[in-house]
Amino acid sequence: MTKAFFSSGDVIADRRADYARMLAEQGDHAAAAELMGQALELAPDWAAGWDLAGSYHEKAGNLSAAIAAWRHLEALDDDGVFGARLKLAAHDAGPAGEGTAVGYVEALFDQYAPQFEAALVGKLGYRVPDMLDALVDEEMARLGIAHFQRALDLGCGTGLMGERLRKKVGYLEGIDISAAMIAETARKGIYDSLQKAELVAALNARRADADLMTAADVLIYCGALQPVLAALVPALKAGGLVAFSLEAHDGAEEVFLRPSLRYAHGVEATRNALVVAGLEVLRFETAVLRFDRGAPITGILVVARKPVVELTAANDEAEGGDVAA
């Protein structure tokens, strides 16, 4: 991610960093990295500077120097807003940890909010809200659902998914980790309520009150799917639907962290996670979600339903089945 420039507090270091950025824009990343090294000799505790240095070394093909820069960054970035831990993990130089890297994701989207739609839709061919909405419409028709009472749009961003949900939902809530994203979407008047929160924490605070949940390109920042589903299912009404997207891979790993710092989920592992969570899979499709640096990003589109009647030991006993001791 390209961070906004934070001053080092040293005029000469800032000037060298400016020259380094100009060189990087011209494609000379090795020279940019060398200049950033000079800047960091003057300002060794400058976290944003180490982030830039790591990026330039990586783009110059000097991965060992990039890793060294990210280790410096990790020690300086207490709130994790630069994602040093994720960058190290993506290059097999450290563990990714569990769950969402809240500081990094929040900072990423706070910075990205003003140009989010222009970049994602205009330049990257982003179609996930349209594709998820079409799948939801098809399942509504098949199941005889005319309207949803309450929907929860997780990671609502600037409201791209909410715009499509609005016509079929009585009460529409949006949740996002980024205050800047919330501010952008609030101007549109799409949602009945908006909440700034990390999604697992927000889901754990509620119980079975939504009959539709959506997460368009959100869980790609959350890592393992099981903890999210464990929070999501209890917050969904019996018979309620959930629709979400993931980036996909065909390997054996359940999930791995890409150099983009987004998680890719295994196709079969995702199917298994849905079953283990107690969801009925209605739609499970792979599709190109968008383009990244000219390359297509293949993902998984899911629509699943919480069973209308949850099977429990008590149900089994009432139906004459055996109850496990």
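Trainee: At what angle do the axes of α12 and α13 cross?
Mentor: Helix α12 (residues 225-232) and helix α13 (residues 267-276) cross at roughly 30°, and their axes come within 10 Å. Axes are lines fitted to C-alpha atoms, for helices over the stretch in contact, with angles from 0 to 180 degrees between N-to-C directions. Helices (H or I, at least four residues) and strands (E, at least two) are DSSP runs, numbered from the N terminus. This is a predicted model, where local features need pLDDT of at least 70 and side-chain atom pairs 80 or more, while totals for chains, interfaces and linings use all residues. Numbering starts from 1 along each chain as its sequence is written, and side-chain values use heavy atoms, without hydrogens or water.

Trainee: Which residues make the contact?
Mentor: L225, Q226 and L229 from α12, with T270, A273 and L274 from α13; contact means heavy atoms within 4.5 Å.

Trainee: How many salt bridges does the structure hold?
Mentor: There are 24. One of them joins the side chains of R262 and E247, at 2.5 Å, N to O. R262 lies in the loop between β6 (255-257) and β7 (263-266) and E247 in strand β5 (residues 236-249), so the bridge ties together parts 15 residues apart in sequence.

Trainee: Is that pair buried or exposed?
Mentor: Both R262 and E247 are buried.

Trainee: And what about R283, which partner does it have?
Mentor: R283 bridges to E285, with the closest N and O atoms 2.8 Å apart. Shared partners link R283 and E285 with E138, E139 and R142 in one salt-bridge network. R283 counts as buried, at 18% relative accessibility, whereas E285 is partly exposed, at 30%.

Trainee: New topic: where is H57?
Mentor: H57 sits in helix α3 (residues 47-59) and is buried, at 19% relative accessible area. Setting aside neighbours within four places in sequence, H57 contacts A33, N62, A65 and A66.

Methods:
Buried < 20%, exposed > 50% of the residue type's maximum accessible area, 1.4 Å probe, protein only. Salt bridge = Lys/Arg side-chain N within 4 Å of Asp/Glu carboxyl O.
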